[in-house]
Amino acid sequence: MTAPLTFSELQRLERLVEWNENSARSCSDLADGLAAHARYEANQGRASDAEGTKEAERRNRVRAKAHADTARFLTRLMPRHDSEATTFRDHLKPKEKAQIRAPP
C-alpha cells in the first residue's frame, strides 16, 4: 500500500488531470475543424491537400484519445472518500420535538 498523497501532490494531480482533459478537448476540436477543412478541399478538387489534412485530422484524434486516456487513468489515482461518508451519521439522528408556546 502506498502512502496517501499530500495536499500539494493532490493539487498537482488535479491540475494534471485538468490539463489532459483540456488538451484532449482542444485536439478533438482541432480534428473536427481539420475534417471540415478536408471536406472543403475535396469539394474544391484539391485531393492532395485533402489527404494531408485528413492525416493531420487522424493524428489529432489519436492525440486527443491519448490525452483523454491519460486523464482517466490519473483520475483513478485520486483518493476516494467512500469510507468517511458511511461512518458519519450524526445528520440522520431525529431532532427533538419543538415546544410550542402559547401567545402572551
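Reader: Leaving aside neighbours within four places in sequence, which residues is asparagine 60 in contact with?
Author: This is a predicted model, so the answer comes from computed coordinates. Asparagine 60 sits in helix 2. Leaving aside its neighbours within four places in sequence, its contacts are Cys27, Leu30, Ala31 and Leu34.

Reader: Is asparagine 60 buried or exposed, and what is its relative accessible area?
Author: Buried means under 20% relative accessible area. Asparagine 60 falls under that cut-off and is buried, because its relative accessible area is 7%.

Reader: Which backbone oxygen does the side chain of asparagine 60 reach?
Author: Asparagine 60 is a residue of helix 2. At a distance of 2.9 Å, its side chain reaches the backbone oxygen of alanine 56.

Reader: How many helices and how many strands does the protein chain have?
Author: Read along the sequence, the pattern is α-α-α. The count for the protein chain is therefore 3 helices and 0 strands.

Reader: How far apart are the end C-alpha atoms of helix 1, and what span should its residues give?
Author: Helix 1 covers residues 7–43. It has 37 residues, and at 1.5 Å a residue these should span 54 Å. The end C-alpha atoms agree with that, being apart by 54 Å.

Reader: What is the end-to-end C-alpha distance of helix 2?
Author: Helix 2 runs over residues 47–75, which is 29 residues. At 1.5 Å a residue the span should be 42 Å. The distance between the end C-alpha atoms agrees, at 42 Å.

Reader: Which glycine follows helix 1, and what is its phi?
Author: The glycine that follows helix 1 is glycine 45. Its phi is positive, near 85°.

Reader: What covers the buried residues of helix 1?
Author: The buried residues of helix 1 include Leu13, Val17, Cys27, Ala31 and Leu34. In helix 2, Ala50, Thr53, Asn60 and Ala64 are among the buried ones, and what covers the buried residues there includes helix 1. For the buried residues of helix 1, the cover includes helix 2.

Reader: What share of the residues in the protein chain is buried?
Author: The protein chain has 104 residues. Its accessible surface comes to about 9000 Å², with 55% belonging to carbon and sulfur atoms. Buried residues make up 19%.

Reader: Of the contacts with a separation of 6 or more, what share is between residues 24 or more positions apart?
Author: Contact means heavy atoms within 4.5 Å. Of the contacts in the protein chain with a separation of 6 or more, the share between residues 24 or more positions apart is 71%.

Reader: Which residue meets arginine 61 in a salt bridge at 2.8 Å, N to O?
Author: A search of the whole structure finds 6 salt bridges. Arginine 61 is partly exposed, with a relative accessible area of 35%. The partner, partly exposed at 39% relative accessibility, is aspartate 32.

Reader: Why are glutamate 55 and arginine 58 separated by about one helical turn?
Author: An α-helix has 3.6 residues a turn, so residues three or four places apart point the same way. The side chains of glutamate 55 and arginine 58 meet in a salt bridge at 2.8 Å, N to O. Glutamate 55 is partly exposed at 29%, and arginine 58 is partly exposed at 45%. They are separated by about one helical turn because their spacing in helix 2 is 3 residues.

Reader: Which residues is leucine 77 in contact with, leaving aside its neighbours within four places in sequence?
Author: Leucine 77 lies in the loop between helix 2 and helix 3, and it counts as exposed because its relative accessibility is 56%. Leucine 77 and leucine 5 are 72 residues apart in sequence and 9.5 Å apart in space, C-alpha to C-alpha. Leaving aside neighbours within four places in sequence, the contacts of leucine 77 are Leu5 and Leu13.

Conventions. Residues are numbered from 1 along each chain as its sequence is written. This is a predicted model: local features need pLDDT of at least 70, side-chain atom pairs count only at pLDDT 80 or more; totals for chains, interfaces and linings use all residues. Side-chain values use heavy atoms; hydrogens and water are left out. Helices (H or I, at least four residues) and strands (E, at least two) are DSSP runs, numbered from the N terminus. The expected span of a helix is 1.5 Å times one less than its number of residues. Buried means under 20% relative accessible area, exposed over 50%, partly exposed in between (1.4 Å probe, protein chains only). Accessible areas come from the Shrake-Rupley method with a 1.4 Å probe; for residues, only the protein chains shown count as cover. A polar contact is a pair of N or O atoms within 3.5 Å; within protein, one must be able to donate a hydrogen and the other to accept it, and residues adjacent in sequence count only if both atoms are side-chain atoms. A salt bridge is a side-chain nitrogen of Lys or Arg within 4 Å of a carboxyl oxygen of Asp or Glu.
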